[in-house]
Amino acid sequence: MSEFAVREAIETAQLQNLRGLLSAILPANRFYARKIGDSLAIDSLEDFATRVPFTTKQELVDDQRENPPYGTDLTFDLARYTRFNQTSATTGTPLRWLDTPQSWSALLDCWDAVFEAANVQTHERVFFAFSFGPFLGFWTAFESAARRGNLCLPGGGLSSEGRLRAIWENCATALCCTPTYAIRLGEAARDAKLQNSPLRTVIVAGEPGGSIPGVRSHIENLWPGARVFDHHGMTEVGPVTYECPLQPGVLHIIESAYFPEIIHPQSNANVLQGESGELILTNLKRTGSPLLRYRTGDLVKRGAAICQCGRSDMTLEGGILGRIDDMIIVRGVNVFPGAVEEIVRSFPEVSEYRVEVDTRGALPELRLQIEAAETVARRLEDALRAALSLRIPVECVPQNSLPRFEMKAKRWVKRGVGG
């Protein structure tokens, strides 16, 4: 345990980094100069949290609309920026994000922590099954792995069959993709009767799922001999967490790069250990395009102060539990997509599923479609009723009739007026 920084050392470093960040971005960064003034001296982390207001995504969207194309959250002249990314826009208007070489290097450092926790050695070959589009995705993972000395295998533009061939022919031992695509690729390998997979590590990100026991188990059953490691990040924030090596389903925040808070969404008060709330993040080293006290919208549960692995970095039990705005109230019951997925994935016979949210009536109603036998539908209905105290109709549909996803899955479909 002595090899890991103790809580006092972590907070001392965070305060030092925050002071340096504020000195570097004020008043040069017009976005934050407008919010907090031309300078700010802080006495403690608590002082920072008290005096600096939250930053919201809507503020960033409005700023980029009013100051196109990149907004004013830029600390340096535009010529200093060399990297462009864009959010996937699953919850609204996409954000464009720029990074300087220094800020980009800080993001790569975060992925070093992910690979280290997952015990990916520098001699291993890592396959990246994503599209290499403009969202941050696994770009930082790819470049971090290359910087570490790993042989990096890009899978952009390949079919699932082509990606499987590349994994087997190149003897890739680590795979980076979304949980949804890890399932899709595993099913394709099973259908092709491929055996003796070289993979020993599957690092998943991009959507909740890697910390959901049913999803993890499903992926590991499809990839015998491989362990799933969860991770999460955001384009506008960067790579944020890595999974605890000793406790599957527990994420550690990389506190050398972030100052995290977890608050009650309504009262904004800090939550206690064991309580759930919204994750608030402050970049400590992404000086070129920083975010101070950013409301991520992610629902998390604060874990133990000192983890079983010996680390003191903040823990999130169950990973990302969902999005604050994803919760649906059905007949008085709070329903999160992750809770439904956990139940569905406990039925390995279900190849794919979709949830329809019908808002045409006075109250929202849910209906589930699955690719599975009729007998599974009845058992799944019983499981949903037992876990959620709701009757959710389950309908069987033909195999391969529901959409498949490479990146973030869109399994929840709203049916409303005009829908």
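How many of the six residues of strand β12 (residues 258–263) are buried? This tour of a predicted model starts there; local features need pLDDT of at least 70 and side-chain atom pairs count only at pLDDT 80 or more, while totals for chains, interfaces and linings use all residues. Residues are numbered from 1 along each chain as its sequence is written, and side-chain values use heavy atoms, with hydrogens and water left out.

**Stop 1: strand β12**

Select residues 258–263. Six of the six residues of β12 are buried, where buried means under 20% relative accessible area, exposed over 50%, and partly exposed in between (1.4 Å probe, protein chains only). Helices (H or I, at least four residues) and strands (E, at least two) are DSSP runs, numbered from the N terminus. Tyr258, Pro260 and Ile262 point one way from β12, and Phe259, Glu261 and Ile263 point the other way. In a regular strand the side chains alternate between the two faces of the sheet.

Opposite Glu261 stands Ile280 in β13.

**Stop 2: an open sheet**

Next, show β4, β3, β5, β6 and β7, which in that order form an open sheet of five strands with parallel pairing. The edges are β4 (151–154) and β7 (227–230); each has a single partner strand, so one side of each has no neighbour in the sheet. On average, neighbouring strands of this sheet are turned by 20 degrees against each other, direction ignored.

Within the sheet, select β3 (residues 125–128) and β5 (residues 174–177), which are joined by three bridges. Leu175 in β5 is the bridge partner of Phe127.

**Stop 3: helices α7 and α8**

Select residues 160–169 (α7) and 179–191 (α8), two helices that pack at about 80 degrees with their axes 10 Å apart. That angle makes α7 roughly perpendicular to α8. Angles under 35 degrees count as roughly parallel, over 145 as roughly antiparallel, 65 to 115 as roughly perpendicular and the rest as oblique. Axes are lines fitted to C-alpha atoms, for helices over the stretch in contact, and angles run from 0 to 180 degrees between N-to-C directions. Ser160, Arg163, Leu164, Ile167 and Trp168 in α7 meet Tyr181, Arg184, Leu185, Ala188 and Ala189 in α8; contact means heavy atoms within 4.5 Å.

**Stop 4: helix α11**

Select residues 374–388. α11 has 15 residues and reaches 21 Å from its first C-alpha to its last, close to the 21 Å expected at 1.5 Å a residue; the expected span is 1.5 Å times one less than the number of residues. Val376, Ala377, Leu380, Glu381, Leu384 and Leu388 are its buried residues. They lie on the same side of α11 because they cover an arc of only 140 degrees around the axis, taken from the directions from the helix axis to the C-beta atoms. Thr375 and Ala386 are exposed, on the face turned away from the buried side. Among the elements that cover the buried residues of α11 are α10 (337–344) and β20 (365–370).

**Stop 5: Leu366**

Finally, select Leu366 in strand β20. Is Leu366, at 6% relative accessibility, buried or exposed? Leu366 counts as buried. Not counting residues up to four places away in sequence, Leu366 touches Val330, Val335, Val355, Glu356, Val357, Ile392, Pro393 and Trp412.

Terms used. Two strands pair if DSSP finds at least two bridges between them.
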